[in-house]
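This report describes the fold, the nonpolar cores and selected residues of one protein model. The sequence and structure are shown first.

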Amino acid sequence: MTFNLFGGVGLFLIGMFMMTDGLKLIAGDALREILRRFTRTTLSGVLSGTVVTLAVQSSSVTTLTTIGFVSAGLLNFTQAVGIIYGANIGTTGTSWLVSLIGLKVKLELLAMPLVGIGAMLKLFGHGKWKYIGMTLAGFGMLFIGIDLMKNSMQGLSGRIDISQFSGDTWFNMLVLLMLGIVMTVILQSSSAAMATTLTALYAGAISLEQGMALCIGQSIGTTVTAAIGALNGSISAKQAALAHILFNVITGVVAFSLLPAFGWIVHALDKNLDPGDATIALSAFQTTFKTFGVIMFLPLTRQFTQVIEKILPDRRMALTRRLDNASLITPAIGIEAVWTTTQEIAKETALVLRELLFGEIMPQKANERIDELVVALDETRKYLAKIFSDPGQGVLFERHIALLHLIDHLYLLHQTAKESKNSRTFREVEEVRKLGDSFVRKLGDIADWMNNSKRTSPLAAIAAVSADIAARRRSMRPQIIEAATQGKKPGSADKALDLLDAIRWVDRLAYHTWRIVEHFSKGFSEGEAPRSSELEFPDAVAGSAGH
């Protein structure tokens, strides 16, 4: 019987894993969209976290996706905590599934065909049918596991004696709470531990009060898994794990202190609960105390997150703080992290260039800041190398390509900007300064747009400026050479060549800046910025690429 019980738990776990993976793949982008769009407030984050966790039957999936979004800059930590609250409520869906269906409905005849049909769809299906097959097979295995656990518990109920922990003292209840923690640590799943508790309650092996104490322990025990998983994780993962741990532990302590009151309420409603009703009462208790915890924490979320951020401060380089390995769980989140990071690097580059060309900072200081941007860009490039996409992924694939172009042009822009001799010539020679005047004035607009993509795109304007500089550079070249040949201004061949180099320098700055804006425009959602195919660029712009 004991081996059958372990086997039942194993089948339940495998079924849960398969069902969760299948549901996650079926839902795909829908889950990410729910988390991204419906988390404007902490309360909406709670609702989103609950819905998503109910959909995929896994709080771990919800939490990992949330950490990825925080790392990518799509959510702030306060919003993420709201989702973690919701995930704790959503994870109680499994216990309702077990108590309402798994223990009450005879699914033995249905479960095996589900596994068979699911396996066939997984093997021979295409597209989402494969994932539907995985979900069906997991669903069937889950209920086969429950049935095996139920039968094993009925056989073991006469042998299991925990009457010495009947719940008449706080010590006994504390022992049961600790046992609940151990169950979750061993099984590495609070859902599996809760399913085992429900089947034991249904079989009469434990009482409802004992089940409540075990349930609280299992809720606390699931934080051990989170803590272990975050040990080698990023700072975002550690902060999320700490939020999860503190929420579950504090909620568990409060629920444990109110355990007599919960028990009194249940028995006041019905003193003689049959096994089936007792399992429903236990599921209701789990949902109630977790919901109570959310209600308790919700008004204090900002203070709660501030405490966590003080305990675990983020000391990563500001520009690359979003390049978190947690964001690599799906290519879309990883690409978003790189996109936001590259956007910040580009914005800072535009601001440094503007200050340099306006003469607000010396070339040496500008070069120091550019060196920092290059370090950040190197880290971004290495992170992007871990992400792969294919043409079938549509917009994601286009964004991936745009990022490679962006990083390439940013490297070239940084190299160009560090040519101190040309920047000095720009400040000292009026002829060169006039050539770049319109470009310098556009740098502020570009930085503002990088900071807020909902502003009007400067793409058309910077393209026109780049084309104009390229055309003027070509017309100025023969004039400068001829004047130097005749001994006229600038007066010597040396100065003429320096002047030509500075003019080309301005041309290259404008060209690479235009290309950066163009590729950023391609990555924003439709309607926010025009795409390059919608604009006409003079041939002169392409001609400057060779300089």
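## Basis and overall fold

Helices (H or I, at least four residues) and strands (E, at least two) are DSSP runs, numbered from the N terminus. The model is predicted: local features need pLDDT of at least 70, side-chain atom pairs count only at pLDDT 80 or more, and totals for chains, interfaces and linings use all residues. Residues are numbered from 1 along each chain as its sequence is written, and side-chain values use heavy atoms, with hydrogens and water left out.

The protein has 23 helices and zero strands. Of its 547 residues, 51% count as buried (under 20% relative accessible area; exposed is over 50%, partly exposed in between; 1.4 Å probe, protein chains only). Among contacts (heavy atoms within 4.5 Å) between residues at least 6 apart in sequence, 80% join residues at least 24 apart. The accessible surface (Shrake-Rupley method, 1.4 Å probe; for residues, only the protein chains shown count as cover) comes to about 25,000 Å², and 61% of this belongs to carbon and sulfur atoms.

## Nonpolar cores

A nonpolar core is a set of buried Ala, Val, Leu, Ile, Met, Phe, Trp, Tyr and Cys residues joined through side-chain atoms within 4.5 Å. The largest has 63 residues, of which Leu 357, Phe 439, Leu 509, Ile 516 and Phe 520 touch the most other members. At least two residues of this core come from each of α16, α17 (363-384), α18 (395-417), α20 (430-451), α21 (459-485) and α22 (493-523). The most is given by α22, with 14 residues. A second, separate core of 30 residues includes Val 98, Ile 181, Met 212 and Ala 213.

Leaving out residues up to four places away in sequence, Phe 520 touches Trp 339, Thr 342, Gln 343, Ala 346, Leu 406, Trp 449 and Met 450.

Helix α5 (residues 77-90) is mostly covered, with 14 of its 14 residues buried.

Thr 349 lies in helix α16 (residues 331-358). Thr 349 counts as buried because its relative accessible area is 4%. Beyond residues up to four places away in sequence, Thr 349 touches Leu 373, Leu 410, Leu 413 and His 414.

## An exposed residue

Phe 124 belongs to helix α7 (residues 108-124). Its relative accessibility is 61%, so Phe 124 counts as exposed.
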